[in-house]
Amino acid sequence: MKLLSLSYENFRNLAQVTLEPSAHTTVAVGENGQGKTNLLEGVYFLATLKALRASKLLELVRFGQTFSRVSGRFSLGGAEREIAVEIRNGVRTAFVDGKRAQSLESYFGGVSVVAFTPDDLSVVKGSPEGRRTFLDRAVFNRFPAFLDESREYQRALKSRNRLLKDRAPFAHLSAWDATVAKVGARLWVRRRALLGELATGVVEAFSRIGRTEAPAQLLYAPERLAGVDFATASEEQLMHALAAGLDARLQRDWERGFTSVGPHVDDVELKLGEHSARAYASQGQSRALVLAWKVAEIENLQRTSGFLPLLLLDDVSSELDPERNAFLMQYLANSGAQVLLTTTDAQLVRSAAGADTRWYKVKTGLVEAVDG
Ligand SMILES: Nc1ncnc2c1ncn2[C@@H]1O[C@H](COP(=O)(O)OP(=O)(O)OP(=O)(O)O)[C@@H](O)[C@H]1O
Ligand SMILES: [Mg+2]
């Protein structure tokens with residue numbers, strides 16, 4: 001998969017921008033607040049239909065406008081395809097080759113991106129919610145159906161929580177329990193599958209980057225899951241276990257007004273040797289761990305789908321120490337992946353550049369090709 005061209009219309013501060021990325025490295029250089037992250041956010045939105053940082057779709061539409069569009073031409077298995085996403089009056093619509101996408105499968109069909117931002121670097125020390133989001137982005141990349149599944153789960157959960165808040169009779173709640181349990185079990189199976197695939201890759205990548213004896217581990221075990229072994233349980237067993245968990249917590253959840261068991265409360269435990277990375281890792285070690293996860297994710301996508309994802313790196317170099325930045329740049333240069341990088345300082349990313357690198361300058365939402 002290669003991204004051949006990109007165009008933006010009224011996407012954040014990018015009024016009208018077109019880009020022709022290199023098949024390998026493309027660098028967008030600019031001062032703070034000029035639109036570099038917006039460029040990557042547009043690609044991320046195009047390729048995942050999810051916002052990289054906005055909490056509302058309307059934030060993505062240029063001030064004073066009601067319509068926004070990002071489109072990209074990709075070459076996929078020898079054929080070319082154009083995918084586009086529009087936001088019109090707050091509603092998002094996806095297109096494939098100019099026609100409304102019939103299904104998400106037809107829309108995504110082989111396009112995948114892995115984004116890496118400075119926010120990711122704090123994921124080890126940050127909140128469980130941040131780690132869930134981080135994990136779920138990776139799960140979605142690996143299993144695109146996860147987008148619909150997690151939306152279905154969120155909808156059912158929201159309805160159930162509303163009833164809990166309204167102190168509705170127990171009988172009304174049970175109408176949602178079946179969906180929460182069924183879809184919740186599916187989310188667990190997806191997360192478990194992805195983490196299983198990443199496990200050895202993370203250990204290997206971390207030992208390359210981390211210069212630490214202790215091996216890195218990702219552990220995931222739902223809280224309050226009684227009676228089954230999460231690692232080996234079937235999806236059906238997990239569904240029954242979640243239904244039982246909802247039941248067991250019902251009185252308590254009813255008093256507190258929210259659902260306290262399910263994939264939405266879980267955490268990923270990151271460990272270095274025997275110790276919790278959240279509690280004990282140094283800043284450098286926790287960044288190395290995030291980097292190792294990303295590298296493992298990229299390699300896993302390549303192994304399972306047969307091609308490398310498009311990589312988006314938003315100003316990550318300025319947040320890494322020189323040695324880890326050098327590792328990352330070398331890794332990118334050797335991987336052969338198509339990469340879009342942003343930076344305020346071209347020197348930091350120069351070692352990822354090659355003869356075919358394209359350089360762009362970003363200023364007040366305007367983007368122009370420049371010489372490296
Ligand atoms: N919906 C919008 N409409 C118009 N402008 C917007 C919109 N959303 C954000 N902006 C503007 O985009 C600019 C920020 O762009 P962006 O985050 O891409 O900057 P950046 O180049 O990545 O900066 P930094 O180096 O600080 O990360 C700000 O000036 C902000 O006001
Ligand atoms: Mg930025």
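This is a predicted model: local features need pLDDT of at least 70, side-chain atom pairs count only at pLDDT 80 or more; totals for chains, interfaces and linings use all residues.

Reader: Okay, ligand first: which residues come nearest to ligand 1?

Author: There are 16 residues around ligand 1, and of these Asn13, Asn32, Lys36, Thr37 and Asn38 come nearest.

Reader: And how does that shell divide into nonpolar, polar and charged?

Author: The shell around ligand 1 holds 9 polar residues and 5 charged ones, together with 2 that are nonpolar.

Reader: Switching to helix H6, what span should it have, and how far apart are its ends?

Author: Helix H6 covers residues 235-248, and its 14 residues, at 1.5 Å a residue, should span 20 Å; the end C-alpha atoms are 20 Å apart, so the two values agree.

Reader: Which residues in H6 are buried?

Author: The buried residues in H6 are Leu238, Met239, Ala241, Leu242, Gly245 and Leu246. Looking down the axis of H6, one finds these buried residues within an arc of 165 degrees, and therefore they line one face of the helix.

Reader: Is arginine 12 buried or exposed?

Author: Arginine 12 counts as buried, because 20 other C-beta atoms lie within 10 Å, and 20 or more is the cut-off for that label.

Reader: What about threonine 364, buried or exposed?

Author: Threonine 364 is exposed, with 11 other C-beta atoms within 10 Å. Its phi is also positive, at about 40 degrees, although threonine 364 is not a glycine, and this residue lies in the loop between strand S14 (358-363) and strand S15 (366-370).

Reader: Last one: in what order do the strands of the 3-strand open sheet come?

Author: The order is S9-S10-S11, and the pairing is antiparallel. Strand S9 (216-220) and strand S11 (275-276) are at the edges with a single partner strand each, so one side of each has no neighbour in the sheet.

Reader: How many bridges join S10 to S11?

Author: Strand S10 (residues 268-272) is joined to S11 by 2 bridges, and lysine 271 stands opposite serine 276 in S11.

Definitions and conventions:
Residues are numbered from 1 along each chain as its sequence is written. Chains are lettered from A and ligands numbered from 1 in the order in which they are written. A residue is near a molecule or strand if its C-beta atom, placed from the backbone, lies within 6 Å of it. Ala, Val, Leu, Ile, Met, Phe, Trp, Tyr, Cys and Pro count as nonpolar, Asp, Glu, Lys and Arg as charged, and the others, Gly among them, as polar. Helices (H or I, at least four residues) and strands (E, at least two) are DSSP runs, numbered from the N terminus. The expected span of a helix is 1.5 Å times one less than its number of residues. A residue is buried if 20 or more other C-beta atoms lie within 10 Å of its own, exposed if 12 or fewer, and partly exposed in between; C-beta atoms are placed from the backbone. The arc is that of the directions from the helix axis to the C-beta atoms. Two strands pair if DSSP finds at least two bridges between them.
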